[in-house]
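Please keep the structure in view while reading.

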Amino acid sequence: AEVGDGQTAQGNGKYGYIVHEGSPDSVTAVGIAGDTESAVQVLKNRYLVVAVPPSDTEREFTVAVWKGSVAAGNVFEAQLEKYRDPIPAYRKGGNQRWKDHVITQGQLSPDTAAFVTDVLTLPLPNPWARNFRVADIAFFDDGRAAVSTYEGDVWIVSGIDNRLNRLKWQRFASGLYEPMSIEIVDNEVFVYGKEGIVRLRDLNADGEADYYENFSNLMNQSIGTREWAADMVADKNGNFYIAKGGHITGYKGVEPLLSENGKKTNWRSSSIHSGTLMKISSSGREAEMWATGLRMPYIGLNRDNAFLSASDQQGNFVPATPIYAVNQWDYFGVPLTLHRDDAPEIRRPITWIPHRVDRSGISQTWINSKHMGPLNGQMVHFSFGRPGIFRVLIDTVQAVLQGGVTFIDTYYPAPVMKGEIHPKDGLLYIAGFNNYASNSTGISALTRLRYTGKPSYLVNGIFNTKQGIVLSFDTPLDQQSANDRRAFQVKRWNYQRTSDYGSPHYRLDGRFGEEAMPVLASYLSEDSKHVLLVVQDHREVDQLEILYDLTAADGHPIQDGVWSTVNKVAARDLTRWGFHGLTINVDSLAKEFEQTSQPEMIASVAQGAKLFRQMGCSGCHATTPEQDKGMYGPPLFGKVGTQQRFTDGTTVVVDDTYLQQSILSPSLKIVKGYSAEMPSFEGVLSEADLNSIILYINTL
């Protein structure tokens with residue numbers, strides 16, 4: 001028990017008192033009844049600690065906490081001598097608390113594409129007036145689901161079939177502390193919240209948890225707003241991997257620490273385990289630090305081969321959204337959550353995803369199923385900010401892992417966060433809720449991603465070679481379309497890790513900007529499912545963007561993109577992708593290549609409005625008075641021509657010059673009442689794009 005205003009203290013082992021500062025007649029006391037071995041310790045006139053020595057026998061005792069006057073202390077001590085509060089006979093279970101249940105009818109999507117989303121209608125309203133923001137989902141062997149909510153409830157859902165026409169929702173547990181993750185191991189339910197991992201046991205088989213067992217609280221947990229108990233996955237041996245939010249923030253009045261480039265900073269992490277991945281044993285009694293240096297991580301696990309992955313949230317020290325392959329002792333680049341004494345190398349990601357594509361990544365799921373068509377056996381990544389699901393493309397070159405992502409474009413009624421494959425139908429079920437600057441306006445949803453059997457037009461692989469870039473597709477392409485190099489636009493750029501939020505884009509020579517890579521030629525493979533893009537000077541780079549405008553062999557238009565990271569380029573045998581007899585002379589192709597002049601882009605309000613949403617500005621900044629509630633950035637409506645006040649006490653009139661500075665260098669001046677949580681768009685926006693956004697803001 002912590003007494004923040006403690007002045008003096010006393011105790012004799014069976015009880016302890018702390019006198020409140022400014023109130024010498026008022027004390028807080030803690031005592032022990034029914035045990036002669038345990039003792040109360042008073043530390044620093046601030047903490048009352050019950051110390052229980054190790055024992056091989058079970059002991060039962062009562063801890064009493066009391067606040068009152070010094071004069072009444074003898075009454076408290078007398079009560080300790082006779083007070084007993086026996087532990088309930090919980091092993092037999094108890095009566096049902098929530099005898100009612102809720103029936104809902106789901107909504108099936110028409111089979112309009114290869115992948116569609118069906119909606120499992122949430123139990124709103126319900127007899128207990130409980131809000132319902134779905135955080136995670138897991139499945140029992142018989143196909144029933146367990147769902148955790150941010151409000152602290154766990155519900156059991158039955159009736160999940162191909163029609164979803166009669167879903168039964170039964171309340172199973174309540175009173176948990178932000179249970180962001182749920183797992184089922186050997187048909188037992190485990191939830192991970194800020195109190196640790198809790199095992200929920202239904203002892204009398206009445207459909208409700210009777211016993212909330214502290215399975216493991218070995219992870220240090222602060223009350224930092226963003227030190228989420230973010231994620232938990234279980235391996236096939238019953239061990240758990242957990243991800244903890246970093247909650248790195250600036251603290252006033254503390255001794256500065258050294259950060260990057262020898263500069264001093266007031267940034268801190270909120271606990272000794274913040275921004276880490278940890279492994280918890282199947283007994284719950286052992287914990288290992290698995291990886292460090294993360295900001296706000298989420299994870300995924302392929303249970304078949306123990307492949308552990310992680311993402312991180314773009315922000316301070318994290319220039320964009322990464323997807324990592326995780327090995328023990330990896331370090332991922334956030335110095336404030338290093339939690340180590342050495343100076344390890346920063347692990348490069350499988351891929352970065354640029355801000356305009358996914359500014360807020362969450363967890364990953366492996367599609368270990370035979371019923372998801374071309375996604376079978378692959379990883380998908382969930383985006384909270386966009387929102388939606390990305391297919392993750394992984395390639396290994398000389399033991400170096402790299403890859404990219406492409407978006408699965410379907411209906412997402414709310415942000416997506418966690419997902420699980422159903423043991424019976426083999427489809428992907430997705431949970432998510434809205435609480436932080438997503439493009440989605442939906443509050444929460446539980447959905448099912450279903451493969452319909454229709455053709456998929458997605459890229460299923462990206463491969464980097466000395467000869468060029470190979471894209472692999474799910475469906476055959478039209479030859480004339482694929483052999484037209486003008487159908488492809490390729491750019492590349494690097495990032496920098498600093499304490500600033502996000503990162504500008506940098507050319508390979510260090511200048512601001514994105515570097516265009518002309519496609520000198522494109523070739524279609526013999527099976528029409530692979531395209532080789534010949535480019536000059538193909539080499540390692542943080543971000544590679546490939547946009548394409550193609551036609552499938554069946555005439556379907558394909559306008560899409562792939563975003564990848566190049567960690568290794570090597571000479572590779574092109575015949576593995578069906579390219580035989582190709583002779584490629586890059587220098588000759590470069591000489592023949594005629595650079596077509598691009599039309600000059602003209603700034604416009606319409607383009608500014610489009611970019612305002614595409615770049616994620618609308619997720620943080622209100623453009624109308626009706627939106628200005630709970631937004632994380634200052635409102636923009638009616639601001640032009642008015643005084644803007646900053647945290648340093650200075651002011652400026654909002655004009656085009658200020659707007660340009662705030663977009664390119666947002667950390668220079670922070671609006672009073674807000675935090676430095678906006679990335680720089682230096683090198684990201686062209687001059688015409690920047691002017692378009694400014695024109696749009698002027699219309700608000």
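## Pairing of strands

Two strands are said to pair if DSSP finds at least two bridges between them. In this predicted model, Ala-138 stands opposite Ala-146 in S10, and strand S9 (residues 134-139) is joined to S10 by five bridges, the two running antiparallel. S9 and S10 form a hairpin with five residues between them, and in its turn Gly-143 has a positive phi of about 100°.

On to the next partner: strand S11 (residues 154-158) also runs antiparallel to S10, with four bridges joining them, and here Val-147 stands opposite Trp-155. The hairpin of S10 and S11 has four residues between the strands, and Gly-152 takes a positive phi near 105°.

## Burial of S10

Five of the five residues of strand S10 (residues 145-149) are buried, so the strand is largely enclosed by the rest of the structure. Ala-145, Val-147 and Thr-149 point one way from S10, whereas Ala-146 and Ser-148 point the other way, and all are buried.

## The chain as a whole

The chain holds six helices and 46 strands. Its radius of gyration is 29 Å, close to the 27 Å that the globule rule gives for 700 residues, so the chain is as compact as a globular protein of that length.

Buried residues account for 53% of the 700 residues, and, among contacts between residues at least 6 apart in sequence, 60% join residues at least 24 apart. The accessible surface comes to about 31800 Å², of which carbon and sulfur atoms contribute 47%.

Terms used
Residues numbered from 1 in each chain as written. Predicted model: local features only at pLDDT ≥ 70, side-chain atom pairs only at ≥ 80, totals over all residues. Heavy atoms only, no water. Rg over C-alpha atoms; globule rule 2.2 N^0.38 Å. Buried < 20%, exposed > 50% of the residue type's maximum accessible area, 1.4 Å probe, protein only. Contact = heavy atoms within 4.5 Å. Areas by Shrake-Rupley, 256 points an atom, 1.4 Å probe, with all protein chains shown as cover.
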